[in-house]
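Please view the sequence and the structure together before reading on.

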Amino acid sequence: MTITSDRLDAVREAGRGIVERYDRAYWLKCTKEDRFPQEMWQALGEAGLLGLSVPEEFGGSGGGTEDLVALLEVLAGAGVMPFGLILSAFARMPIIKHGTPEQIERFVKPTVTGETIMCFGITEPNAGTNTFKMQTLAQPTDDGWIVNGQKVFISGADQADYMLLLARTKPFTAVEDRRQGLSVFVVDTKSPGIEMHPLNIQATAPEKQFQIFFNNVHVPADRIVGQEDMGTKYIFDGMNTERLVLAAMCVGTGNLALQRAVDYAKQRAPFGQPIGSYQGLQHPMARAKAQ
């Protein structure tokens, strides 16, 4: 579908409608009560916003990453960051582009209605941003794969139904090119052998971060996405979307912080005139706006 300014305006307007009903106070309340923002999640689904970037033929709302960027900037601009939407949006992208019709039906379509949530399993303690050196290994069996290893900083893993997992199907030491030997799987987060340990990270969000251990986790044969050892190519369909939507979230949050600073500078007047009238405050705020 061709992206038009009218369409993006409609997405932004729908996003503003959501945060009018479920504002930052609601978001903080969910965080304090350690619960998933289910009411907002359902509202996003009813408005068709959970289906952005999913083709209409798959039950989605169509559009592309531009729609997600527009939506996330609006939501974050109100101080609301729905990580469930962000994670599902980029975790399902490799399935949409490289998965089978059965995988799309089973794993992508339910995310459009909000019935299921996905998370993303890539980062490892001993690899960090050097994804190619990950050690989590998926070994073939007669009826699928057995996965052993660990992941870290996995957001919302306890709330997700499925994880898009990037694992090695050939050890790093057994390939000539570091990009070889990686594959993508859809893993049920409730599978036997998966252990989740919450990390002590002070982030203001209902979602927690986890370190996850895979101990002989069985993954059925029909859960591999695309071809074996092609994961490096596939995973960037998700990671490129991730980078853009997270950037949009940062821009929205920055705009919110700046607007609050401007509002305060207009009101604070200890010496009879607003502190915002001084260039010492005007200039750094103008630089922040430009950036």
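The text below treats the helix packing and then the salt bridges.

The model is predicted: local features need pLDDT of at least 70, side-chain atom pairs count only at pLDDT 80 or more, and totals for chains, interfaces and linings use all residues. Residues are numbered from 1 along each chain as its sequence is written, and side-chain values use heavy atoms, without hydrogens and water.

**Helix packing**

Helices are DSSP runs of H or I with at least four residues, and strands are runs of E with at least two, numbered from the N terminus. Helix α1 (residues 5-21) packs against helix α4 (residues 65-77) at an angle of about 35°, and their axes lie 9 Å apart. Axes are lines fitted to C-alpha atoms over the stretch in contact, with angles from 0 to 180 degrees between N-to-C directions.

**Salt bridges**

In the whole structure there are 12 salt bridges, each defined as a side-chain nitrogen of Lys or Arg within 4 Å of a carboxyl oxygen of Asp or Glu. Three of them are listed here.

| Pair | N to O distance |
|---|---|
| E33 and K29 | 2.6 Å |
| K151 and E124 | 2.9 Å |
| D177 and R179 | 2.7 Å |

K151 belongs to strand β3 (residues 144-155) and E124 to the loop between β1 (118-121) and β2 (137-141), so the pair ties together parts 27 residues apart in sequence. Both K151 and E124 are buried, that is, under 20% relative accessible area, whereas exposed is over 50% and partly exposed lies in between (1.4 Å probe, protein chains only). E33 is partly exposed at 39%, and K29 is partly exposed at 43%. A network of salt bridges links K29, E33, R35 and E39.
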